[in-house]
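Please look over the structure below.

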Amino acid sequence: MVMGMKLPDKPPLRENVVITSQEELKEAISEVLKNGSGGFLKIFGKTSKGKHYLTVLFDRSKVLAAESLLVDENRSVVGEEAVNALQEMLHNPMVLDAYVLNDIEIKLSIADNLEVYSKTPKIPVGELFGERGWKPEEEKTKPQAVSVEKPSVKRSERVVSGEKQPLKKEEEKIVIKLSGGTLPEEAFKHYAEELLKEAERVGVNISRIEFEGRISGGVLYLNVTLKGSTSQNVDISTKKMLHAVSKYAPVLLREADIKPILKDVRIQLGEKEIRPREIKESENRKVDNVTPDGRIKLSALEEVWPYLRNCCRLAIDEIESEGIKITRGYFEVLGRREMELRVSLAVISDKPEEEVRKVINDVVSRHFKEIGRTLGKYTLIKDINIELTRPVMETERPMVTSEKAAAILSKKALLEKEVEELLKQAGIDELAPFTEEKKKEAQELVVKSRVQPAVEELKNRLNTELKTMPRVIFRWLKLNHEIVGTSVYVDLEVSLRRENVEGLFGTFSGASEEEIKRDVENMIKRIIREVSKEHGISLVLRKLRVIVR
């Protein structure tokens, strides 16, 4: 059985050792730490759920990663569930392999198992067997790295405390207050240096940085306060520094090997103090339909959304009056004082591509500038993305019969009926299946002549509209169809990648996987209905698989 965790290939310090008590496990861990900076254990044992094959990675102070294969169910459990399984296994005999790692091997192991590492609570090693204060013998004799919450500390002692400590310049100060544990001063110093570099780049002068944190369960819960001044726009500078606090927080993970969680951030530039929550509440965005049929959406700040919706409607009506049909569109307006417009449109037109693009650019730009003047805001057209699809030629569409042709066809049907009756009267029943088969073949021939153009148009329309979907990047589309009687059954497979969006606290995905799949399914069903109606055939969605990565 192969575990999911990737660990160095090296001989074990102890192999196939039977552990029958917590004391024996402590001895094994102590022996590992006497020979290195950490290690990992491979343990085979039992819990109430069944047999476990468990791997635990640890350093001198805490558990770093834990994963277990539940043999009876052939599934893997990670993190807290794996740690709980180990604690339950301590009550039964276990078979143990113990391995020693140096500092470099520990870091490489963390890098190779980041997913398991992120899901595992960083509890002290002693808590594996329910003893919070336990440390290996060698650890007890080592001097402590730092001491926190002392009223005053000498400048020569490189410790984290509540004392103000100078950074690069005398006027730039850092204050660190911690509880629940100790961390190296260098980690906070490097974090502060990154913030100061970013502040200098965006025109902010930082006079004071305050870190106030609490260490619990291997996690640092951190409050950050920045004080200073700026010659730039205060709101914009504040947002940039809020983003920087989040962006450079992983420095603490790299330098101090502890996961930071930002609980509260305050930025005070001059008299005004702003927190992320206040910015978020003041920038509530609304995403909704511009048209009743849902083919066009608008994303903008809630306070100006109604005005921008009317602007979009006017632009859409004018574009479509020029013989350009919009099948799907997304308008996104960013910013508060300065409005930035991004547009994605899927259109159908028989006009030359240059003319289509010129019409859309001119109309959108003119209407957006007009609404900017009305609202008293500066406007910028950032991007107008257009996907053009040609309409299906009339020769490819099902022929519409004239009244004369309809009359001839009705007479043909009556004649066929009379022939069938005469055949029955003559006792020639064996020809009846033949005539029915001919009818069926004729119907299938009519359906087939319509299917290929319809399927081609369906594929083109789907490719175009999937490219314009917001917050995702279209990768590929597979389409198969099967003719059954007078219906065409369609099987679809769509692959999309979620687009990461820059947010206040780093990158995030703009939509959940469920929302994306629901939007794709609704869009596909709508296009199938439209193509079915245009081509006069029954297209039925039989299978749909949407892959979101």
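This report goes through packing, aromatic pairs and charges over rings.

The model is predicted, so local features need pLDDT of at least 70, side-chain atom pairs count only at pLDDT 80 or more, and totals for chains, interfaces and linings use all residues. Residues are numbered from 1 along each chain as its sequence is written, and side-chain values use heavy atoms, with hydrogens and water left out.

**Cores**

A nonpolar core is a set of buried Ala, Val, Leu, Ile, Met, Phe, Trp, Tyr and Cys residues joined through side-chain atoms within 4.5 Å. Buried means under 20% relative accessible area, exposed over 50%, and partly exposed in between (1.4 Å probe, protein chains only). The largest nonpolar core has 34 residues. Within this core, F188, Y191, F211, L220 and L226 touch the most other members. Several elements each supply at least two residues, among them β8 (173–179), β10 (219–230) and α7 (234–247). Helices (H or I, at least four residues) and strands (E, at least two) are DSSP runs, numbered from the N terminus. Helix α6 gives the most, with 7 residues. A second, separate core holds 31 residues, including F331, M339, I371 and I384.

**Aromatic pairs**

Rings of Phe, Tyr and Trp (its six-membered ring) pair if their centres lie within 6.5 Å. Planes under 30 degrees apart count as stacked, over 60 as edge-to-face and the rest as tilted. The structure holds 3 such pairs. Two of them are tabulated here.

| Pair | Centre to centre | Angle between planes | Type |
|---|---|---|---|
| F188 and F211 | 5.3 Å | 50 degrees | tilted |
| Y191 and F211 | 5.3 Å | 25 degrees | stacked |

What does the pair of Y191 and F211 tie together? Y191 lies in helix α6 and F211 in strand β9, so the pair links parts 20 residues apart in sequence. F188 also lies in helix α6, so its pair with F211 ties together parts 23 residues apart. F188, Y191 and F211 form one aromatic cluster. Y191 is buried, at 0% relative accessibility. F211 is buried too, at 1%. F188 is also buried.

**Charges over rings**

A charge sits over a ring if NZ of Lys or CZ of Arg is within 6 Å of the ring centre and within 35 degrees of the ring normal. K286 lies over the face of W305, 4.3 Å from the ring centre. The charged end of K478 sits over the ring of W476, 5.1 Å from its centre.

**A buried loop residue**

T120 is in the loop between α4 (114–119) and α5 (137–141). Is T120 buried or exposed? T120 is buried, with a relative accessible area of 3%.
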